[in-house]
Amino acid sequence: MSAFPIDLISDTATRPSAGMLAAMAGAETGDEQRGEDPTTLALCAEVARMLGMEDAIFLPSGTMCNQIAFLVHCRPGDEILAAANSHIFRSEGAGAAALAGAQIATIETESGIFTAEDVAHRLRAPRDRSPVSRLISVEQTTNFGGGAIWPLQVLADLRDLAQAEGLVLHMDGARLMNAAVGADVPAADFCQGFHSAWIDLSKGLGCPVGAVLAGSHDFIRRAWVWKHRLGGAMRQSGVLAAAGLYALAHNLPRLGEDHEKARRFTDLLRGTPGLGLSATPPETNIAFVDVSATGQSTEQIAMTLARHGIRLNSEGRDRFRVVTHLDVSMAEVEEAAFALIAAVER
């Protein structure tokens with residue numbers, strides 16, 4: 001049992017349900033490295049279909065999905081273009097540089113969404129002493145941008161630019177399924193024209209571990225090489241893949257409930273003196289709350305909330321990130337909101 005019955009620190013805080021655990025216990029398994037695990041093969045086929053890709057590979061984490069994609073797509077000295085508040089730049093230990101030898105050129109954007117024009121301004125002319133502009137990385141939804149959904153037209157413009165300039169398009173799809181549900185758009189439509197994309201199973205979908213990276217047959221063939229090199233092969237991985245299949249069948253349709261919870265949370269806070277919120281309601285399941293005008297730090301407020309069994313994610317001294325998920329009910333989200341209001345009105 002968590003020390004925080006109401007845990008809004010991340011949608012990774014979910015635990016497998018009884019139904020998911022039963023599916024895992026009954027999974028048919030085999031040796032994944034030999035292509036003999038039927039449950040893993042079924043999961044990969046289903047994700048490839050959902051994303052409109054030829055093939056897919058099951059990996060332990062979303063970070064490994066990103067890093068393997070960069071290792072396949074890039075050469076040492078290449079440059080990746082991404083939002084300055086993207087997960088690959090802020091939260092992956094400079095993996096692109098450490099592993100693929102590629103540097104990240106950042107684009108400033110509060111929402112995490114940038115345009116083809118923004119990228120065009122950052123592209124480097126061919127020059128012996130310059131990095132090579134190689135790849136555009138899109139994070140769907142935008143984590144540190146407050147769960148914003150990339151519009152289809154913006155993605156289409158990026159696709160056109162990439163085709164014209166010979167660039168690779170990669171989608172960090174940590175919350176791609178939240179975008180699909182939130183915008184009522186098939187995931188494959190978001191991925192159209194992308195060379196690689198992935199979905200995370202351990203966030204809003206409620207699995208204990210795992211992500212699936214998709215792309216062309218050739219891309220996945222080369223991804224397998226890096227999976228072995230990085231120690232990502234998992235043998236009888238069907239036990240974990242079964243959780244993913246269960247999630248896609250049972251937890252995908254309910255993601256919209258999490259979005260409603262995030263909107264309810266911010267609606268309750270709106271108008272509270274000292275609390276700063278985005279002018280628009282959350283599009284998906286992430287919200288940020290600025291507390292700089294309360295006279296208290298996030299640490300002080302977090303200590304008060306902890307006494308009530310509530311945990312939010314502190315993003316520095318002045319800002320909380322709140323992420324709703326299947327393991328917190330609407331009533332618990334409301335309780336957390338009222339507790340935060342009480343904490344800042346002390």
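**Entry 1: Lys203**

I note that the model is predicted.

I then looked up where Lys203 lies, and found the residue in the loop between S7 and S8. Its side chain makes a polar contact with the side chain of Asp200, at 2.8 Å. Next I set aside the neighbours of Lys203 within four places in sequence and asked which residues are in contact with Lys203. They are Asp11, Thr12, Thr14, Ala174 and Arg175.

**Entry 2: the sheet**

I turned to the strands and traced an open sheet formed by 7 strands. The order I recorded is S2-S8-S7-S6-S5-S3-S4, with mixed pairing. At the edges I found strand S2 (55-59) and strand S4 (103-107), each of which pairs on one side only. From one strand to the next, the twist averages 20 degrees.

I also examined one pair of strands. How many bridges join strand S5 to strand S6? I found 5 bridges between S5 (residues 132-139) and S6 (residues 168-172), and the two strands run parallel. In this pair, Glu139 stands opposite Asp172 in S6.

**Entry 3: helices on the sheet**

I looked up helix H2 (residues 38-51), which packs on the sheet and touches S2, strand S7 (196-200) and strand S8 (211-215). The direction of H2 makes about 125 degrees with that of S2. Helix H10 (residues 217-229) likewise packs on the sheet, touching S2, S7 and S8. For H10, I recorded an angle of about 20 degrees with the direction of S2.

Terms used. Residues are numbered from 1 along each chain as its sequence is written. This is a predicted model: local features need pLDDT of at least 70, side-chain atom pairs count only at pLDDT 80 or more; totals for chains, interfaces and linings use all residues. Side-chain values use heavy atoms; hydrogens and water are left out. Two strands pair if DSSP finds at least two bridges between them. Helices (H or I, at least four residues) and strands (E, at least two) are DSSP runs, numbered from the N terminus. Axes are lines fitted to C-alpha atoms, for helices over the stretch in contact, and angles run from 0 to 180 degrees between N-to-C directions. Contact means heavy atoms within 4.5 Å. A polar contact is a pair of N or O atoms within 3.5 Å; within protein, one must be able to donate a hydrogen and the other to accept it, and residues adjacent in sequence count only if both atoms are side-chain atoms.
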